[in-house]
Amino acid sequence: MSSPSQNYDVIVAGGGIVGTACALACAQAGLHVALVERDIIGGGATAAGMGHIVVMDDSEAQFGLTRRSQQLWHTLAETLPRNAEFETTGTIWVAADQEELAEAERKHVYLQQRSVPSQMLSPGELAMAEPNLRDGLAGGLLVSEDAVVYPPVVALHLARELQAIGSELILGRSIVHFATGEAHLDDGTCLRAPRLVNALGAEAIACTSNIPVKKRKGHLAITDRYSGFVRHQLVELGYLKSAHSVTTDSVAFNVQPRKTGQILIGSSRQYGNDDSRVDQAILSSMLQRAQFYMPRIAALNIIRVWTGFRAATPDKLPLIGPVPGDPSLWLATGHEGLGITTALASAELLACEFSGTVPPISPTPYLPARFDLASSANTPMHQETV
Ligand SMILES: Cc1cc2nc3c(=O)[nH]c(=O)nc-3n(C[C@H](O)[C@H](O)[C@H](O)COP(=O)(O)OP(=O)(O)OC[C@H]3O[C@@H](n4cnc5c(N)ncnc54)[C@H](O)[C@@H]3O)c2cc1C
């Protein structure tokens with residue numbers, strides 16, 4: 001690493017998918033950027049995540065960010081290296097009963113109204129599309145432009161692009177604290193810029209203490225290679241109920257085919273558990289859930305299991321924008337379980353703000369100022385229902 005210069009237009013803290021995307025978008029807008037990562041690029045939640053690029057519709061704001069970002073992903077995919085494993089698998093939302101089928105139909109209408117291709121599947125069509133699902137399911141919804149990707153490779157690719165256009169990557173250094181227009185590193189260096197971006201994911205609170213971000217632990221497992229066993233990203237519609245619960249541990253059937261032939265099996269959500277070790281009870285209930293939907297998955301060989309931490313906010317929307325009270329400090333965090341999906345649109349919003357360009361979607365729903373940051377450290381996380 002060359003010795004960093006001290007003055008930049010923008011300093012981005014955190015080299016996950018969000019930080020690398022923000023840094024590159026700012027550099028491509030003509031700004032001189034420093035990206036600071038304490039460890040390796042893409043080694044945080046970005047390496048732990050599933051890489052499902054999915055349009056979600058819990059709110060108009062969530063839809064707007066996920067859909068815009070998905071469009072940006074499809075454009076980026078054309079330039080990604082093969083080992084980024086980008087593939088437009090589509091998602092099938094699996095309905096176990098008539099109540100979930102009604103939810104699939106509601107989702108279908110919502111997506112159709114917004115020009116997102118989707119198709120209802122009868123039980124027979126579902127079985128044809130995914131022969132390893134169990135019998136007796138009520139049907140499903142195929143959302144064909146959803147995709148999967150291997151996120152840490154993309155983060156590294158974005159960081160290399162950043163360097164290639166003359167901005168700086170500062171690796172192996174931690175941000176210790178921010179002051180107005182200053183990022184202080186653990187070796188005593190002070191970097192200066194009129195814009196500082198905290199993109200530290202679930203660790204963001206360590207450098208900006210008054211933001212409503214909490215860690216939400218998740219487990220994933222990956223199998224050996226079984227090409228064709230799963231063809232689409234499969235998610236149970238019950239996932240929507242469990243993903244919204246913020247008071248209890250939850251698991252849901254959520255499996256993903258990788259280009260390698262491996263199958264990624266998820267997922268779990270836990271609050272108030274900052275221990276990164278695998279929790280055997282949660283893991284076993286997650287695998288049982290997968291077997292409930294795909295009985296033959298029990299015969300597959302799991303080769304690795306890991307955990308990671310999502311950065312959760314009370315309203316399930318990320319924090320993208322300035323921190324009230326400090327004109328230099330901006331946030332790009334709180335992406336919870338959608339940070340791979342929404343990284344590119346988050347970066348676009350920031351770069352548009354910094355370069356004075358009108359963004360394609362409104363930044364307002366994601367602004368940190370929607371929370372009372374003076375007291376938000378103690379704001380209770382509210383529970384939502386589908
Ligand atoms: C189990 C699981 C499954 C998921 N599945 C999906 C999915 O299918 N689709 C999806 O869209 N999202 C998914 N997510 C969410 C997604 O992984 C995250 O939202 C996303 O990776 C967040 O990226 P980030 O860049 O904000 O954070 P991170 O990737 O955590 O990056 C933050 C970086 O900051 C660095 N850092 C921390 N502190 C400092 C410091 N003081 N100084 C310098 N550097 C520092 C860290 O080393 C890290 O590299 C999943 C998450 C989990 C845990």
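1. A contact means heavy atoms within 4.5 Å. In this predicted model, residues 24 or more positions apart account for 75% of the contacts with a separation of 6 or more.

2. On conventions: residues are numbered from 1 along each chain as its sequence is written, and side-chain values use heavy atoms, with hydrogens and water left out. Local features need pLDDT of at least 70 and side-chain atom pairs count only at pLDDT 80 or more, while totals for chains, interfaces and linings use all residues.

3. The protein has 9 helices and 19 strands, taken as DSSP runs (helices: H or I, at least four residues; strands: E, at least two).

4. Of the 386 residues, 59% count as buried, that is, under 20% relative accessible area (1.4 Å probe, protein chains only).

5. There are 2 cavities of 30 Å³ or more. A cavity is a set of points on a 1 Å grid over the protein atoms alone where a 1.4 Å probe fits but cannot get out; lining residues have an atom within 4 Å of a point. Grid points are joined across faces, edges and corners, and a volume is the space filled by probe spheres set on the points. The largest cavity holds about 70 Å³. Its lining residues include Gln62, Leu65, Lys316 and Glu336.

Key:
1 Å grid on protein atoms, 1.4 Å probe; cavity = no way out; pocket = protein on both sides within 12 Å on 5 of 7 lines; lining within 4 Å. Buried < 20%, exposed > 50% of the residue type's maximum accessible area, 1.4 Å probe, protein only.
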